Amino acid sequence: MPDHSPVWDPAQYLRHADHRARPFTDLLTRIPDLPAPAHGRPLRIADLGCGPGNVTALLARRWPTAHITGYDNSPEMLDRAEVDHAGPTPGGGRLDFAHADARTWTPDEPCDLIVSNATLQWVPGHLERFPDWVAALRPGGTFAFQIPGNFSAPSHRLMRELAESARFRDRLAGVLRHADAVHTPETYLERLTGLGCAADVWETTYLHLLPGRDPVLDWVKGTGLRPVLTALADDAELREAFLTEYTAALRAAYPPGPHGTPFPFRRVFAVATKEA
């Protein structure tokens, strides 16, 4: 089976860091206080799919004495996270980073909190990982995530349609995720409560106002378009042809207004707390 793992560009991803971090900060407000650790040990927190570490660092603000590890399978993202955020935290905790693949990762020690930000859409069958992750929580611990729920939006639908067109499908077959990459909020609620957790699940549509020319293209270059850019990296002509057609389609779907380009973005959230 071919490897369709995208190559990530931390600088491109961080170009919209404020907008991208907003859902994570909203998720943090719904995570309950964690049970006090016994025997003087620090709280143990795992951030699955930490990217460049900018939101992992927010965990250290909430739990300043915790030992927090961000996990990712992108060397480029981990390098940036190490440089910008790794080390002791002002509250006496520690922030470090390690390579891991969410498709197979299981904590090597019990966790008080496992959190994931905009990652599970990249993990086929991620519902089947929930039992292992909940089992790894200490009593009273929490598993929390937010995941994009915008796969039917024009930004993703137009990308898939173009990738499946005659000119590109031979190179891009199987590269892009489809609308079933993310489940309904009801499905997440059912799965998490079925694992014995008290679950809080909701959805929010953000209306980002993006500046500049072709800002939606600039946004997806940091995330959803990465598989296409990776797959066509060795064919500059075909890559530019794809970008030209896709840019024109995005301009029609997301016309700029007088103060910027409105970009609706739906996200699904879940906070599941294990019985104490």
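Reader: Which residue is the bridge partner of Phe-145 in E8?
Author: In this predicted model, Phe-145 has Ala-270 of E8 as its bridge partner.

Reader: Nice. How many bridges do E6 and E8 share, and in what sense do they pair?
Author: Strand E6, residues 137-148, and strand E8, residues 261-274, share 7 bridges and pair in the antiparallel sense.

Reader: And how many bridges join E7 to E8?
Author: There are 14 bridges between strand E7 (residues 197-210) and E8, and these two run antiparallel. One place to look is Ala-198, which stands opposite Thr-273 in E8.

Reader: Let's zoom out to the sheet. In what order do the strands come?
Author: The order is E3-E4-E2-E1-E5-E6-E8-E7. Those 8 strands form an open sheet with mixed pairing.

Reader: Which are the edge strands?
Author: Strand E3 (87-88) and E7 are the edge strands, and each pairs on one side only.

Reader: What about E2 and E4, parallel or antiparallel?
Author: Parallel: strand E2 (residues 67-72) and strand E4 (residues 94-99) are paired that way over 6 bridges. Within that pairing, Gly-70 stands opposite Phe-97 in E4.

Reader: Changing topic, how many helices does the chain have?
Author: The chain has 11 helices, along with 8 strands. Its radius of gyration is 19 Å, close to the 19 Å that the globule rule gives for 276 residues, so the chain is as compact as a globular protein of that length.

Reader: How much of the chain is buried?
Author: Buried residues account for 53% of the 276 residues. As for the surface, the chain exposes about 12800 Å², with carbon and sulfur atoms supplying 53% of that area.

Reader: How far is Thr-244 from Gly-49?
Author: Their C-alpha atoms are separated by 31 Å, and the two residues are 195 residues apart along the chain.

Notes:
Residues are numbered from 1 along each chain as its sequence is written. This is a predicted model: local features need pLDDT of at least 70, side-chain atom pairs count only at pLDDT 80 or more; totals for chains, interfaces and linings use all residues. Side-chain values use heavy atoms; hydrogens and water are left out. Two strands pair if DSSP finds at least two bridges between them. Helices (H or I, at least four residues) and strands (E, at least two) are DSSP runs, numbered from the N terminus. The radius of gyration is taken over C-alpha atoms; the globule rule is 2.2 Å times the number of residues to the power 0.38. Buried means under 20% relative accessible area, exposed over 50%, partly exposed in between (1.4 Å probe, protein chains only). Accessible areas come from the Shrake-Rupley method with a 1.4 Å probe; for residues, only the protein chains shown count as cover.
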